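This report describes selected features of the structure shown below.

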Amino acid sequence: MLRIEDLTVAYGDIVALHGVSLEVAAGETVALIGANGAGKTTLLQTVSGLNKLRSGRMEFGGASLAPLSSADRVRAGIAQAPEGRRIFPGLSVEENLVVATSSWRRLGKSYADDLAQVFDLFPRLKERRRQLGWSLSGGEQQMLAIGRALMSRPKLLLLDEPSLGLAPRLAEEVYDRVGRIRETGLTILVVEQNTVLALAVANRGYVLETGRVVLAGSADELRRSERVREAYLGR
Amino acid sequence: MALRVLALAAYLAIGLALSVSVSEYTLRLLNLATISAVAVIGLNFAFGYAGLISLGHAAFMGLGAYILAILTTQAGWSPWLATLPAILGTGLAAVVIGVPLLRLKGHYLALATLGLNVSFGIVAANWIELTGGTNGIAKIPGLSLFGHAIEGERPFLWLSLAVVAVLAVLASFIQRSRYGRAMMAVRDDETAASMTGINVTATKVSAFALSAIYAAIAGCLFATHVHFISPDDFNFAHSITFLSMLIVGGEGTIAGAIIGAALLTFLPEWLRVLGESYLAFFGLMMLAILIFMPTGIVGLLSRFRRSAKREAPPAPASSGEGART
């Protein structure tokens, strides 16, 4: 579904990604793990059209992503719950969700079912539907960011560090929901520092170190790998 | 919802009561206040919702007024008919200008729109065959309704009160539509907006055009009320006044636009004793408002409303309704 080939991205002279290749097939959940500064967020931002690529190719559903703007990529089916959540502070919870339907909404198409599904997944958002975005807790903001991404009816869901800054119990709760989203058959690419959580939900994974893919394999293989155990699992 | 209906009813009641009780002079001020209110409700789309700082709002008001004035005095159109090209032409101009201009942000956009306003004044003052130059255009015909001319301050006030009411209700619908929400999303976080599938450029341009259309309606009201326009009526000082009205009343709120327009129309009259030092007072007042009540009068009111019902579940945020009536 998503194919990235030999991707190089740089901020000025600083090269953030060196010839990264990876692939996400329809229906699978792929984790991209690595330490702070490895280039994980850069990769997701580039898929969403926020960074220019220096070289390489990105294809989604067989077509090149290059000519599409950020908004067009959402329309094509790529939605992201970005790093730092970036929910709209001046909009209510419900407005934050509804505003994300603009990619597919036409006159007469209703978002009621979409909203009900998100509220079913995250009941806490339903309780707070009238509250403004800025007043939510970190965990609620993360749920809202994921819910907002789902409202655009994506084919591929990109999650950027959903556990960041959350208490362990909350991070587990968020990942429990990611698991439920996975069961609906949605394709997911999740970027995460918390290797245990990410590999628990993923089928496959890639390990990114200073802008290069250094390891790839099934979630089980990665969990057993010496390199991952030492560097990321602390055993 | 109930609050909005209540606010509308209160607005109409106060407006009607004033229209039959105050002096001719106060009526004239009320007319200027309602005309400003139309412009400021429009500015609220650009500044309050989409976060686009515009110091060129008076130019769009002027463009609308000039189109109407030229069509009625030189081409003999009826004023009602002339409002149509005045409004549509101004909206179109805002789209054409907005596409390149709205690539700018923050201070740069403020300066560029200021330049736009100054340029408008220069063109209006120098294209003498069309605009009459600094002498302006006189003898602009007034509006009439069902064969009755809307002449005099009181009948005109009834008309302008109704126009403000209709445009305020319309603005409130737009605000709560997906277009309004998209504008606010762009204001809050442009990158996140594009990542949720919102076309940021189109959203900004439409907010800008919508604000220009409201300004053009204000310009049409102004021209048919005063019957005379000149470039000075639309110089950039008026743009700054519109922005001040919105900030004093409460940016992002329609009620705030109306309250701010009324207050800043009457304040110079109430404080006439201050003479020249009014400007110093005005500057200090703006400073105090920006520091102590950044959400304006409406923000202050909704804060009182919240603390009045403290027993209700603690909602740290504005409930949304009070802040955006």
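In this predicted model, the hairpin formed by S9(A) and S10(A) has two residues between its strands, and Thr210(A) takes a positive phi near 35° there. Strand S9 covers residues 204-209 of chain A and strand S10 covers residues 212-218 of chain A; the two run antiparallel and are joined by six bridges. Within this pairing, Tyr206(A) has Ala216(A) of S10(A) as its bridge partner.

**Contact between the chains**

Chain A contributes 28 residues to the contact and chain B contributes 22 residues. On the side of chain A that touches chain B, the elements giving two or more residues are helix H2 (70-76) and helix H3 (93-98) of chain A. Of the elements on that side, H2(A) gives the most, with four residues. By residue class, the side of chain A that touches chain B comprises 12 nonpolar, 10 polar and six charged residues.

**Annotated spans of chain B**

The UniProt record, an unreviewed entry, carries the annotation "transmembrane region" for residues 83-102, 109-128, 156-174, 205-228, 240-266 and 278-301 of chain B. Two of these spans are described in the table, including the separation of their end C-alpha atoms in the model.

| Span of chain B | Distance between end C-alpha atoms | Helix and strand content |
|---|---|---|
| Residues 83-102 | 26 Å | 95% helix, 0% strand |
| Residues 156-174 | 27 Å | 100% helix, 0% strand |

Met61(B) belongs to helix H3 of chain B, which spans residues 57-74. Is Met61(B) buried or exposed? Met61(B) is buried, because 35 other C-beta atoms lie within 10 Å, and a residue counts as buried from 20 or more. Leaving aside residues up to four places away in sequence, Met61(B) touches Ala39(B), Ala215(B), Ala216(B), Ala218(B), Gly219(B), Phe222(B) and Phe234(B). Ile213(B) stands 152 residues from Met61(B) along the chain, yet their C-alpha atoms are separated by 8.4 Å.

**Confidence**

For the model, ipTM is 0.87 and pTM is 0.88. Chain B has a mean pLDDT of 90, with 94% of its residues reaching 70 or more. Over residues 311-325 of chain B, however, the pLDDT is below 50, although this stretch has 31 contacts in the model beyond near neighbours in sequence.

Note on methods:
Residues numbered from 1 in each chain as written. Chains lettered and ligands numbered in written order. Predicted model: local features only at pLDDT ≥ 70, side-chain atom pairs only at ≥ 80, totals over all residues. Buried ≥ 20, exposed ≤ 12 C-beta atoms within 10 Å, placed from the backbone. Contact = placed C-beta atoms within 7 Å. Nonpolar A, V, L, I, M, F, W, Y, C, P; charged D, E, K, R; others polar. UniProt positions renumbered as here; feature names shortened; annotations may be inferred. pLDDT = per-residue confidence, 0-100. Pairing = 2+ DSSP bridges.
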